[in-house]
Amino acid sequence: MTGSVPRLVVAAPSSGSGKTTVATGLMAAFAARGLAVSPHKVGPDYIDPGYHALATGRVGRNLDAYLCGPELVGPLFAHGARGCDLAVVEGVMGMYDGAAGEGELASTAHVAKLLRAPVVLVVDASSQSRSVAALVHGFASWDPQVRVGGVILNKVASDRHEALLREALDSAGVPVLGVLRRAAQVETPSRHLGLVPVAERGAAAVEAVAAMGAQVAAGCDLDALLGLARSAGALSCTAWDAAEVLGAAPPGPHRPEGPRPQSPDGLKRIAVAGGSAFTFSYAEHTELLTAAGAEVVVFDPLRDEQLPDGTAGLVIGGGFPEVYAAELSGNEPLRKAVADLAGSGAPVAAECAGLLYLGRELDGLPMCGVLDVTARMSERLTLGYRDAVAVSDSALAVAGTRMRGHEFHRTVVEPGAGAAPAWGVRGPERRVEGFVQQGVHASYLHTHWASLPGVARRFVERCRTS
């Protein structure tokens, strides 16, 4: 039964404690034992799941109670963990940190409760000894519904330091399940939006994940951790299924013009940007597009000079186009192909990086010119969940459709919205943003289509009729 998959949630008192190292290391260590490990990440993070996928050989999946709603956390988990021996869920920020102003919503603790999963608390012990007991006791007792089943001590300096920590924790009633020393080989480089994605690091990322697995295997009690995972409570929910949810979703309106190009087998071909410049996407988007009747083909804007033959629609997700602006700009044939497709009225969905790519220029370098906007890097980080409503009818949604999203960027576009904006963003800063132009829907907002599967069906229908 999918709901009984053994599972652990890896949490920490704060960001920077070592959650990614420990979670990825656990995934790699258990996979090395021959277990099928399902990797998950709490929240909207796109980068950590890439490291999880390297460790397990499976797609890293996000569990976001804000974007998708608490009711979908269990079904999406069960979907990803189907057929696995173990699931490891990496938390986000501090264990009790959730969506701003929303209490526990979307926090690691919230997701652990929804999954009925035990928590392993990763503690950065580099600057403490006896105080670790008070810290762990506080986190373990704050919410009685959250079960902290063990602690992994990270960045321990020496055998003497370890002995002091263990002695202090004897009184806290939470077992020590692992002790990790500092190790340079497991560290992953960062830049303005977090870790450098796997796709950009190549062999170095593979080596780092292998080192994480070896360090965790040497420093942690894997048998005890597996036993803890097997103590997770049963889930009664049904696994999410793209075809089933699309069957229940109302079809979007479409126009009755003639069909767009098809692949040889009759499916509508939708090109999805990938490669090092566009690494931010949710696996469920592709699954929904496929279930809605599309053939999804990934292409690399850094290397491919043309869109896949027969492309009827285009999806350009998030990533780091600012890092690759020169290469993207230099691929003039593809920029023209994208502009021609958009000019034909074909549906184009662009999020964040995709918005920048469709603009006239990025940091002074020519882009596709589909939208009359300029983009540039900024010192200000724009970050946070957003509650949005569609302002204009588009290839994704009818005006008035409500959807939650997430912004995460250090760029600005001018102007910030077109004559037909994509979204009205509600909250302290009420504003409109994004662009709807012919078949193009472009916005800074990252959305999770599992929360509103009709978006995918409407997009594929527009491929048939635009």
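What you see here is an open sheet of seven strands, in the order β3-β2-β4-β1-β5-β6-β7 and with parallel pairing, where strands are DSSP runs of E of at least two residues and helices are runs of H or I of at least four, numbered from the N terminus, and where two strands pair if DSSP finds at least two bridges between them. The edge strands, each pairing on one side only, are β3 (61-63) and β7 (176-181). This is a predicted model, in which local features need pLDDT of at least 70 and side-chain atom pairs count only at pLDDT 80 or more, while totals for chains, interfaces and linings use all residues. Residues are numbered from 1 along each chain as its sequence is written, and side-chain values use heavy atoms, with hydrogens and water left out.

Turning to the pocket lining, α2 (48-56), α7 (198-201), β10 (268-273) and α11 (283-291) each supply at least two residues to the lining of the second largest pocket, and the largest share, three residues, comes from α2. By class, that lining divides into 15 nonpolar residues, 10 polar and no charged, where Ala, Val, Leu, Ile, Met, Phe, Trp, Tyr, Cys and Pro count as nonpolar, Asp, Glu, Lys and Arg as charged, and the others, Gly among them, as polar.
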